[in-house]
Amino acid sequence: AHLLSLLRAAPKAELHIHIEGSLEPELIFELARRNGIVLPYANVEALRAAYAFTDLQSFLDVYYAGASVLITEADFDAMAWAYFERAARDNVVHCEIFFDPQTHTARGIDMGVVIRGLDRAAKRAEAELGLSVRLILCFLRHLSEDDALATLEAALPYRDKFIGVGLDSSERGHPPEKFERVFARAREQGLHLVAHAGEEGPPAYIWSALDTLRVERIDHGVRCVEDPELVARLARERVPLTVCPLSNVKLCVFDDLGKHNLPALLAAGLRVTINSDDPAYFGGYLNDNFVQLFESLPQLTAHDAYTMLRNSFEGSFVDDEDKALWV
Ligand code: HPA
Ligand code: ZN
């Protein structure tokens with residue numbers, strides 16, 4: 001019980017949160033009303049009832065429907081601000097938030113509307129909550145690389161407002177190497193690189209994220225344990241893995257938190273961090289992830305907690321001088 005209260009109070013960094021996945025049903029319906037959008041769900045309860053996922057794709061279908069209510073700069077601002085306020089209550093002091101511009105530009109929303117709205121909330125969070133915020137633009141891997149290249153070009157006028165690019169959406173059948181050129185282009189721009197790999201996809205996708213895309217962190221990565229040579233490499237190179245425990249259970253990657261392989265990842269010396277992924281959809285924000293994980297896996301120690309909290313700062317993309325203030 002003492003450890004759980006320490007976990008809640010500890011300062012932490014969140015490195016894997018899709019801002020569109022922080023959109024709570026109440027805000028979805030408020031924005032739908034404001035923007036005159038008719039949702040395929042009658043009310044908040046009916047929407048929440050649809051949050052019974054069997055795999056990644058069944059979640060993504062609902063997640064993209066929810067994001068369809070975002071139209072104006074103020075909508076993106078409101079969504080992000082709600083997350084920042086909530087994260088600050090969990091003692092998050094630094095966050096690197098993913099956003100999916102193609103989900104919006106495909107509906108005719110301007111790239112500038114998306115980025116300026118998120119940036120406005122981020123600046124306010126830095127000023128009013130003392131929260132340090134960075135944005136990471138994610139490409140949707142179920143779409144083509146040409147679409148991703150056009151998305152990166154459309155975002156470059158706002159280059160100063162995001163620090164990196166990532167890769168998300170349907171993993172199976174969409175290996176990292178499909179995006180080799182766009183990641184090379186992002187690297188030329190001095191952007192940081194991350195990719196979802198090894199959530200539902202095989203260890204081969206983690207290898208190609210590292211070798212073909214040259215990413216600095218792996219999002220999820222839990223299936224690395226199927227390949228001992230890969231585990232050894234991840235440990236040797238100290239590659240951060242942004243693990244999302246409640247997400248993994250909701251999307252049926254593991255049957256329950258007690259069966260999560262996080263203890264094995266730690267035992268292998270991997271640089272594991274804990275994150276919430278899509279907190280409005282998966283039943284909890286960052287402290288819920290920490291507390292429920294530690295309740296379900298009593299073998300986890302205070303030392304493990306400290307290691308993962310430290311990893312969250314060390315694995316972040318802040319400058320080394322800023323890191324030195326935290327760890
Ligand atoms: N995996 C892939 N794509 C996503 C996720 C995820 O966990 N959340 C939002 N987009
Ligand atoms: Zn994710």
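In strand E6 (residues 217–220), His 220 is the bridge partner of Ala 197. Strands E5 and E6 pair in the parallel sense over four bridges, where pairing requires that DSSP finds at least two bridges between two strands. The model is predicted: local features need pLDDT of at least 70, side-chain atom pairs count only at pLDDT 80 or more, and totals for chains, interfaces and linings use all residues. Residues are numbered from 1 along each chain as its sequence is written, while chains are lettered from A and ligands numbered from 1 in the order in which they are written.

**Parallel strands and crossovers**

- E5, helix H10 (residues 203–211) and E6 form a β-α-β unit that is right-handed (with the strands pointing away from the viewer, the path from the first strand over the helix to the second runs clockwise).
- Helices (H or I, at least four residues) and strands (E, at least two) are DSSP runs, numbered from the N terminus.
- Strand E4 (residues 164–168) runs parallel to E5 (residues 192–197), and two bridges join them.
- Between E4 and E5 the chain passes through helix H9 (residues 180–188) in a right-handed β-α-β crossover.
- Val 165 has Leu 193 of E5 opposite.

**Asp 278**

- UniProt lists Asp 278 under "binding site" in an unreviewed entry; such annotations may be inferred rather than shown by experiment, feature names are shortened, and positions follow the numbering used here.
- The loop between strand E8 (271–274) and helix H14 (279–282) contains Asp 278.
- Asp 278 counts as buried because it has 26 C-beta neighbours inside 10 Å (buried: 20 or more other C-beta atoms within 10 Å, C-beta atoms being placed from the backbone).
- Leaving out residues up to four places away in sequence, Asp 278 touches His 18, Gly 21, Tyr 63 and Ser 247 (contact: C-beta atoms within 7 Å).

Technical notes
Buried ≥ 20, exposed ≤ 12 C-beta atoms within 10 Å, placed from the backbone. Contact = placed C-beta atoms within 7 Å.
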